[in-house]
Every structure is written in structure tokens, then in C-alpha cells.
Amino acid sequence: MTEHRPLAVVTGASTGIGYELAKICATNGFDLVVAADEPAINTTADEFRSLGATTEAVETDLATLDGVDRLYDAVRRLGRPVEALLANAGVGLGKGFLDQDFAKVRRVIDTNVTGTVYLIHKIGRDMRANNSGRILITGSIAGYMPGSFQAVYNASKAFLDNFAFALRNELKDTEVTVSVLMPGPTDTEFFRRAEMLDTEVGQQKKDDPAVVAKAGFDAMMSGEGDVVSGWKNKLQTTLANITPPGILAEQHRKMAAPGTGKSS
Ligand SMILES: NC(=O)c1ccc[n+]([C@@H]2O[C@H](COP(=O)([O-])OP(=O)(O)OC[C@H]3O[C@@H](n4cnc5c(N)ncnc54)[C@H](OP(=O)(O)O)[C@@H]3O)[C@@H](O)[C@H]2O)c1
């Protein structure tokens, strides 16, 4: 790795928003440590290398503490400070809560919440010790709405949206910044993996992950607290702040309940 390039760690970099975040980091002068659960991350890493970023790929399950430790150890072995942590890996899960497989429910919480905060705890401590670093957490506008038929996922994103602002405040007297990217529905593997292709939200036109990632990267680099990408999503979060939760839950049912999509 070249010493003069700052180092970014991007989780969930094999597809979707994380892939685009890693690409933007690479084209903006960062070297990379990229992580994902499946072997595809090793081939995806070649794309980042072709953009000029020295890249270390770590295939690891970030739903487990051991998996996060493996990523952290790989970072430590490089002996370089992490200038940017883009904690992006996450999974969704559709259908009614009581109809979901609890192992999958737990995986949403373990990946989106436990694995994410554990990684931030470890790398965040190093950043604070260096008094330097940028953290970007991929939250979601879903965190603003009780997510009927995606209940645990939305709750996990409400956790992250909220957590990001608290950590940001705790670090306000340091040179470590915390930003949260709140995408709306984005065109990635997410809805297929969440088993939501028969829903309205699963079938609607979605945002371009490259555009969403650019908004997140820019917010991280300028140290903004949060960024909601796209005017429709901005309007939705503004309205969500003044709408009773029961009404939001009913609205969410209409777009996320199984069978709400036009085609199945
Ligand atoms: N798409 C949307 O509409 C949307 C909206 C708001 C927020 N978000 C958030 O954006 C983030 C990225 O999602 P996406 O839409 O880009 O979906 P995606 O295409 O499914 O990408 C998810 C990424 O996370 C990785 N990942 C998932 N579980 C993991 C685990 N246990 N350990 C390691 N890596 C894991 C995946 O790697 P593997 O393939 O190797 O598992 C993949 O690289 C998530 O946090 C999601 O909640 C998405």
C-alpha cells in the first residue's frame, strides 16, 4: 500500500450502495479494505484496484463478533490509521414479524446493529486516539417509519440513525466526524434478498446506488451530520416527523405487505 493515500474501510462493498461507496473512495484517492460475507468480494476488489486503490479484501461474516474481529485484525495488520470507516453492510427482511424465521430476524439485528456498532466501537477508539477520522453509517429513511411487514429491519435502521447522532455529539470536541446516509428505496440486491419482490416498494422505481453513494461520500467528506438522498425522500422524512406513528405504520403496510406489488 502507498503510504500517502489515506485508508478507507468499506463494509458490504461487494454490491449495491457499498460497492459504489468503495468505488468513489478509490477514485478520490483512498486505499481500501473492503469486506463482505461472500467470496464475490475478492473479485470485486480487482475493480477497485483497477481504479488505483491498493485493496485488501476480507471475506467475513459481520453478523458475528468473530467476523468483525477478523476484519479489524486485517486492518491492524496493515499498520496504517483508518481515515474513513464506511459502515454500510446490512440486510432487510420482509413479511409479517410472526411469520418470519427467527434465525433470519436475528441475522438482521446481528448484522445491522450488533456487528455495525462493534466495528465502530473498535475502529472509532483508534480514530479518537489519533484524533482523526470520518465515520459514515448507512442508516435509512426507513428508520423514520414503523415498518409494518419489515418491522425488525426498520427498527434496526431507527437504531442506527439515532445512534449516529449520539456518537457524533459525543465526539464533537474531536476531529472525528460521524455522518449518517439515509437512502430511500435504491436499486440494489436488497429487496430480492429481503424476499420483498412481490411488494409495492420492491417493484417501484428506485434510486441509482451510484447517486446515493455520492451523496453519502460528500456528506462524510464535509462532516455533515446526515444526508437524505433525493427530494422525494427528503419530503418523506420531513412529513414522517409530523405524522403519528400509527398512520406511518399503516402507510408502510400499503407498500411493504406481501402481494402489494402489481406483478408477482
Ligand atoms: N437498497 C435500499 O433500498 C436501501 C435503502 C436504505 C438503506 N439501505 C442500506 O444500504 C446498505 C447496503 O444495502 P444495499 O441496498 O446496497 O444492498 P445489497 O446490494 O444487498 O448489499 C449489501 C451488502 O452488505 C453485505 N453484507 C450483508 N450481510 C453481511 C454480513 N453478515 N457480513 C458481511 N457483509 C454482509 C453484502 O455482502 P454479501 O453479498 O457478501 O453478503 C453486500 O455487499 C444496507 O445497510 C441497507 O440496509 C438500502
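User: Which residues does P6 touch, not counting those up to four places away in sequence?

Analyst: A contact means heavy atoms within 4.5 Å. By that test P6 touches G29, F30, D31, R80 and E83, once residues up to four places away in sequence are set aside. This is a predicted model: local features need pLDDT of at least 70, side-chain atom pairs count only at pLDDT 80 or more, and totals for chains, interfaces and linings use all residues. Residues are numbered from 1 along each chain as its sequence is written, and side-chain values use heavy atoms, with hydrogens and water left out.

User: Where is P6 found relative to β1?

Analyst: Helices (H or I, at least four residues) and strands (E, at least two) are DSSP runs, numbered from the N terminus. P6 is in the segment before β1 (7–11). Its C-alpha atom is separated by 24 Å from that of P209, which is 203 residues away along the chain.

User: How is the relative accessible area of P6 to be read?

Analyst: Under 20% relative accessible area is buried, over 50% is exposed, and partly exposed lies in between (1.4 Å probe, protein chains only). P6 has 28%, so it is partly exposed.

User: Is L160 buried or exposed, and in which helix is L160 found?

Analyst: L160 belongs to helix α5. Its relative accessibility is 2%, so L160 counts as buried. Leaving out residues up to four places away in sequence, L160 touches N112, T116, I137 and T138. From L160 to L86 the C-alpha distance is 13 Å, for a sequence separation of 74 residues.

User: Which residues have a positive phi although they are not glycine?

Analyst: F149 has a phi of about 70 degrees, and E195 has one of about 60 degrees. F149 sits in the loop between β5 (133–138) and α5, while E195 sits in the loop between α6 and α7 (200–203). With 22% relative accessibility F149 counts as partly exposed; E195, with a relative accessible area of 34%, is also partly exposed.

User: A194 lies in the loop between α6 and α7. With which residues is A194 in contact, leaving aside neighbours within four places in sequence?

Analyst: They are G92, L93 and G94. A194 has 0% relative accessibility, so it counts as buried. A194 and P183 are 11 residues apart in sequence, with 16 Å between their C-alpha atoms.

User: Which residues come nearest to the ligand?

Analyst: A residue is near a molecule if one of its heavy atoms lies within 4 Å of it. There are 33 residues around the ligand, and S14, E38, N88, Y153 and T188 come nearest.

User: Which polar side-chain atoms lie by oxygen or nitrogen atoms of the ligand?

Analyst: A polar contact is a pair of N or O atoms within 3.5 Å; within protein, one must be able to donate a hydrogen and the other to accept it, and residues adjacent in sequence count only if both atoms are side-chain atoms. A polar side-chain atom of S14 is 2.7 Å from a ligand oxygen. For R107, a polar side-chain atom lies 3.2 Å from a ligand nitrogen. The side chain of R193 has an N or O atom 2.7 Å from a ligand oxygen. The protein buries 97% of the 880 Å² that the ligand exposes when taken alone. Accessible areas come from the Shrake-Rupley method with a 1.4 Å probe; for residues, only the protein chains shown count as cover.

User: Which elements give two or more residues to the shell around the ligand?

Analyst: They are α1 (16–27), α4 (102–130), α5 (151–170) and α6 (190–193). The most come from α6, which gives three residues. By class the shell has 12 nonpolar, 14 polar and seven charged residues. Here Ala, Val, Leu, Ile, Met, Phe, Trp, Tyr, Cys and Pro count as nonpolar, Asp, Glu, Lys and Arg as charged, and the others, Gly among them, as polar.

User: How many helices and strands are there in the protein?

Analyst: There are 10 helices and seven strands. The protein is as compact as a globular protein of its length, because its radius of gyration of 18 Å is close to the 18 Å that the globule rule gives for 264 residues. That radius is taken over C-alpha atoms, and the rule is 2.2 Å times the number of residues to the power 0.38. The C-alpha trace spans about 50 × 40 × 30 Å along its principal axes.

User: What percentage of the 264 residues count as buried?

Analyst: The figure is 50% of the 264 residues. The protein exposes about 12300 Å², with 53% of it supplied by carbon and sulfur atoms. Among contacts between residues at least 6 apart in sequence, 68% join residues at least 24 apart.
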